[in-house]
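Here's a quick tour of one protein model, written for someone who is just getting started. Keep the picture open while you read, and look up each spot as it comes along.

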Amino acid sequence: QVQLVESGGGLVQAGDSLRLSCAASGSIFSINAMGWYQQAPGKQRELVARVTSGGRTYYEDSVKGRFTISRDNVKNTVFLQMNSLKPEDTADYYCYADITVRAGYGMDFWGKGTLVTVSS
C-alpha cells in the first residue's frame with residue numbers, strides 16, 4: 001500500500017557528516033508531517049526531527065545546530081543532513097510519515113531503519 005525506504009546510513013568518524021534520505025511511495029493522497037526517529041541500543045525510539053507539509057521544523061535539543069531536516073514534496077522524500085556527528089548519535093534511524101492514503105484515511109507509516117555508527 002505505502003512504503004517508506006531509507007538510505008544513507010553508514011559508519012563514519014566523529015565530526016563527519018551523513019545525509020539520510022527516505023522516499024515514500026504507493027497509494028498516497030497527501031503527506032502531512034514527515035520525520036526521523038532514532039533508537040540507540042537498549043533505548044526507546046525517540047523523535048529527532050520533524051517537518052510539516054508547510055515546512056515548519058522541530059528538532060530535539062541534542063541535534064539543534066547540527067542536523068537539518070528538509071523535504072521534497074514533489075518526490076515525497078524527506079532528508080536528514082547530519083553534521084558534526086558524535087558517537088552518541090550512533091543509532092538506528094527510522095523515517096516516518098503521516099500519510100493520507102487514497103482510500104481516505106490517515107495513519108503513520110514507518111521505514112525499516114538505517115544504521116548510523118559514529119566512531120570516536
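A residue counts as exposed when its relative accessible area is over 50%, as buried when that area is under 20%, and as partly exposed in between. With 60% relative accessibility, aspartate 61 is therefore exposed. Keep in mind that this is a predicted model.

**Strand E9 and its partners**

- Let's start with strand E9, which covers residues 91–101. Nine of its eleven residues are buried, so E9 is mostly covered, going by that under 20% cut-off.
- E9 pairs with strand E4 (residues 28–39) in the antiparallel sense, over nine bridges. Look for glutamine 39, which sits opposite aspartate 92 of E9.
- Strand E11 (residues 114–119) also pairs with E9 in the antiparallel sense, this time over three bridges. Here, tyrosine 93 faces threonine 114 of E11.
- Then there's strand E10 (residues 106–110), joined to E9 by five bridges, again antiparallel. Isoleucine 99 has methionine 107 in E10 as its bridge partner.
- E9 and E10 make a hairpin, with four residues between the two strands. Glycine 104 sits in that turn and has a positive phi of about 105°.

**Two residues with a positive phi**

- Some background first: most residues other than glycine have a negative phi.
- Asparagine 76 isn't a glycine, yet its phi is positive, at about 55°. You'll find asparagine 76 in the loop between strand E7 (67–72) and strand E8 (77–82).
- How exposed is asparagine 76? Its relative accessibility is 21%, so asparagine 76 counts as partly exposed.
- Serine 84 is another non-glycine residue with a positive phi, near 50°. Serine 84 belongs to the loop between E8 and E9, and because its relative accessible area is 40%, it is partly exposed.

- Leucine 80 is part of strand E8. Is leucine 80 buried or exposed? It counts as buried because its relative accessibility is 0%.
- Leaving out residues up to four places away in sequence, leucine 80 touches a set of residues that includes Leu18, Leu20, Trp36, Val48, Phe67, Ile69 and Tyr93.
- From leucine 80 to tryptophan 110 is 30 residues along the sequence and 15 Å through space, C-alpha to C-alpha.
- Threonine 114, in strand E11, has a relative accessible area of 11%, so it is buried.
- The side chain of threonine 114 reaches the backbone nitrogen of glycine 9 at 3.2 Å.

**Salt bridges**

- Why do such pairs turn up at all? Side chains of opposite charge can pair when their charged atoms come close.
- How many salt bridges does a search of the whole structure find? The search finds two.
- One of them links lysine 64 with aspartate 61, with the closest N and O atoms 3.1 Å apart.
- In the other, the side chains of arginine 66 and aspartate 89 meet at 2.8 Å, N to O. Arginine 66 lies in the loop between strand E6 (57–59) and E7, and aspartate 89 in the loop between E8 and E9, so this pair ties together parts that are 23 residues apart in sequence.
- Arginine 66 and aspartate 89 are both buried, whereas aspartate 61 is exposed.

Key: Residues are numbered from 1 along each chain as its sequence is written. This is a predicted model: local features need pLDDT of at least 70, side-chain atom pairs count only at pLDDT 80 or more; totals for chains, interfaces and linings use all residues. Side-chain values use heavy atoms; hydrogens and water are left out. Buried means under 20% relative accessible area, exposed over 50%, partly exposed in between (1.4 Å probe, protein chains only). Two strands pair if DSSP finds at least two bridges between them. Contact means heavy atoms within 4.5 Å. A polar contact is a pair of N or O atoms within 3.5 Å; within protein, one must be able to donate a hydrogen and the other to accept it, and residues adjacent in sequence count only if both atoms are side-chain atoms. A salt bridge is a side-chain nitrogen of Lys or Arg within 4 Å of a carboxyl oxygen of Asp or Glu.
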